[in-house]
Amino acid sequence: MAKDNQNENFQSGAGLIRYFNEEEITGPAIDPKLIIYIGIAMGVIVELAKIFWPV
């Protein structure tokens, strides 16, 4: 009985590995630095908004 459980786990794991190896990346390629710069710019905009439009 224990041997059956080990075989099932290995087969399901092998299927996931094959699935992820065949996956294609179809989204836009964005430089990671650009994401950091956008985050910094958004932070500056929020801080300036707090100064000019206090609540």
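This briefing describes the fold, surface, side-chain pairings and confidence of one protein chain. The model is predicted, and its pLDDT averages 76 over the chain. The chain holds two helices and zero strands, and buried residues account for 0% of its 55 residues. One salt bridge and one aromatic pair are found in the structure.

**Overall surface**

- The chain exposes about 5,700 Å², and carbon and sulfur atoms supply 66% of that area.

- The salt bridge joins the side chains of Lys-50 and Glu-47, with a distance of 3.3 Å from N to O.
- Helix H2 spans residues 32–52, and Lys-50 and Glu-47 lie three residues apart in it, so about one helical turn separates them.
- Lys-50 has 52% relative accessibility and therefore counts as exposed.
- Glu-47, at 44% relative accessibility, counts as partly exposed.

**Aromatic pair**

- The one aromatic pair of the structure consists of Phe-52 and Trp-53, whose ring centres are 6.5 Å apart.
- The ring planes of Phe-52 and Trp-53 meet at 65°, so the pair is edge-to-face; the cut-off for this class is an angle over 60 degrees.
- Both Phe-52 and Trp-53 are exposed.

**Nonpolar surface patch**

- A nonpolar patch on the surface is formed by Ile-36, Tyr-37, Ile-40, Val-44, Leu-48, Ile-51, Phe-52 and Trp-53.
- Together, these residues present about 950 Å² of accessible area.
- Ile-36, one of the patch residues, is located in helix H2.
- With 53% relative accessibility, Ile-36 counts as exposed, because the threshold for that class is over 50%.
- Phe-52 and Trp-53 belong to the patch and also make up the edge-to-face pair.

**Confidence of the model**

- A pLDDT of at least 70 is reached by 58% of the residues.
- Over residues 5–9, pLDDT stays under 50.
- For residues 5–9, the model has zero contacts beyond four places in sequence.

Conventions: Residues numbered from 1 in each chain as written. Predicted model: local features only at pLDDT ≥ 70, side-chain atom pairs only at ≥ 80, totals over all residues. Heavy atoms only, no water. Helix = DSSP H or I, 4+ residues; strand = E, 2+ residues; numbered from the N terminus. Buried < 20%, exposed > 50% of the residue type's maximum accessible area, 1.4 Å probe, protein only. Areas by Shrake-Rupley, 256 points an atom, 1.4 Å probe, with all protein chains shown as cover. Phe/Tyr/Trp six-rings, centres within 6.5 Å; stacked < 30°, edge-to-face > 60°. Salt bridge = Lys/Arg side-chain N within 4 Å of Asp/Glu carboxyl O. Patch = residues over 30% accessible without salt bridge, like charges linked within 9 Å, V, L, I, M, F, W, Y side chains within 5 Å. pLDDT = per-residue confidence, 0-100. Contact = heavy atoms within 4.5 Å.
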